[in-house]
Amino acid sequence: MLWIGVTSIPIQIPCWWVASQWAILRYVAAADHGTRRLRLHFAVDELESHHKTVLSDDWGVGLSLQWLAVRIGYKHVVHGGFAMQALRARGIAQFVKRKKRGPFKCPDFFAVDVQDRIHLIECKGNQEGPSHIDRQFERGREQKQNVRFQNEGLVAQRLLTGVAIAGQSSSWLSTLKVADPPPSEEESYFNIISETHPPIVDAFKKVLVVQGLISAGAAAAAHRLFPSETVVANERILAKTPTSYFEARGERWEGLVYELSFPVGIELGDGGRITGCRMRFGASMKLLATLNAHTTTLNGEEKLVRELDLDIVAEREYEKSDEHGIDDDSPKLPEERTSRHATIQHGKAFLADLELLGK
């Protein structure tokens, strides 16, 4: 859920400030918290079909990005549309022409691995079952082919991910499927003309910096440093946002803190109870001090972004948490496997975390 919020922050200064909180506000109670198996609460069946489709799409993004970021060890994950804007602004991405068929859309996300190679990711989700993932992959295969690299050696994988989310009456388990089909020879919409990876990675990092500043309430700083990327029609929304100071993971942060009390508590299968949640989106106080002292020049901005550590710091994942054969009535798991806290940290620059509150 945290991934959905982090990746949905627009790089143009938004009026839709709840983007970072959207997934938690909408979906925190949609799961059946009475079991450790991932399945939807029975009440979700009463939703209209388009609401269920949105849920499937969002969860397809969040679950896939978490799994890929942990398993592959990505340094950066950036929204595909925002990344393409940054690449085109640098003259790295060129629009070619419309294909005769297929969706006019770039992949959902670009990612960078530890070798600085690029991964293109298209995410799908459904509530119909694992077999439906393959049908969704047909469209996803077209979408991730819409971007062609002049130097295909910069590309590591063109991934398709599909998540089938089980409901109360499903005869199948929630399933994640990942595929890397070979590229087709069809003409693409966009051509990435860089022969080396640094200009591409720098464009991605700029998007991450802008998103991190906006989510932490530092929209004015984002606009001062990156005015062309953060165009606003109404300067009044750049007014100082009340922020909070907090410490987490050995660092001091300044940002936005949201606490939400649930009108009805969520009962857990282990006897616990969730009564609310807290979300924090912070920027390093050291980074903010550096930015506030920074004299705006194009070369200075580029150097600042290039040298900034934005590598994803992933929390340890308990490897046996995916084991099969665990029934709903088995004993409570050790505390390390029932954490109610999640964190996405970009180096020592930005932090997003979520904690479920209760007994």
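Visitor: Which residue takes a positive phi in the hairpin of β13 and β14?

Guide: That's Gly 347, with a phi near 55 degrees. The hairpin has three residues between its strands. Keep in mind that this is a predicted model.

Visitor: OK, and how many bridges join β13 to β14?

Guide: Six, and the two strands run antiparallel. β13 covers residues 341-346. To find one of the bridges, look at Ala 342, whose partner in β14 is Leu 354.

Visitor: Which other strand is joined to β14?

Guide: Strand β11, residues 273-284, is joined to β14, residues 350-358, by nine bridges. Those two run antiparallel as well. Ala 283 has Phe 350 as its bridge partner in β14, while Ile 274 is partnered by Gly 358.

Visitor: What's the order of the strands in that sheet?

Guide: Going across, the order is β9-β10-β11-β14-β13-β12. It's an open sheet of six strands with antiparallel pairing.

Visitor: And which strands stand at the edges?

Guide: β9 (244-248) and β12 (312-313). Each has a single partner strand, so one side of each is left without a neighbour in the sheet.

Visitor: Switching topic: how many aromatic pairs does the structure hold?

Guide: Four. One of them is Tyr 258 with Phe 281, an edge-to-face pair with 6.1 Å centre to centre and 65 degrees between the planes.

Visitor: What does that pair tie together?

Guide: Tyr 258 sits in strand β10 (residues 251-267) and Phe 281 in β11, so the pair links parts that are 23 residues apart in sequence.

Visitor: Is Phe 281 buried or exposed?

Guide: Buried, with a relative accessibility of 1%. The cut-off for buried is under 20%.

Visitor: Which residues form the aromatic cluster?

Guide: Trp 22, Tyr 27 and Trp 59 form one cluster.

Visitor: Let's do a helix. Which residues in α8 are buried?

Guide: Leu 287, Leu 288 and Leu 291 are buried in α8, which spans residues 285-292. Down the helix axis, the buried residues of α8 fall within an arc of 100 degrees, so they line one face.

Visitor: Why would residues three or four places apart point the same way?

Guide: Because an α-helix has 3.6 residues a turn.

Visitor: What does Ser 284 reach at the start of α8?

Guide: A side-chain oxygen of Ser 284 comes to within 3.2 Å of the backbone nitrogen of Lys 286.

Visitor: Which elements give two or more residues to the lining?

Guide: Those are α1 (2-6), α2 (22-27), α3 (49-72), α4 (80-89) and β4 (118-126).

Technical notes. Residues numbered from 1 in each chain as written. Predicted model: local features only at pLDDT ≥ 70, side-chain atom pairs only at ≥ 80, totals over all residues. Heavy atoms only, no water. Pairing = 2+ DSSP bridges. Helix = DSSP H or I, 4+ residues; strand = E, 2+ residues; numbered from the N terminus. Phe/Tyr/Trp six-rings, centres within 6.5 Å; stacked < 30°, edge-to-face > 60°. Buried < 20%, exposed > 50% of the residue type's maximum accessible area, 1.4 Å probe, protein only. Arc of directions from axis to C-beta. Polar contact = N/O pair within 3.5 Å; in protein donor to acceptor, adjacent residues only side chain to side chain.
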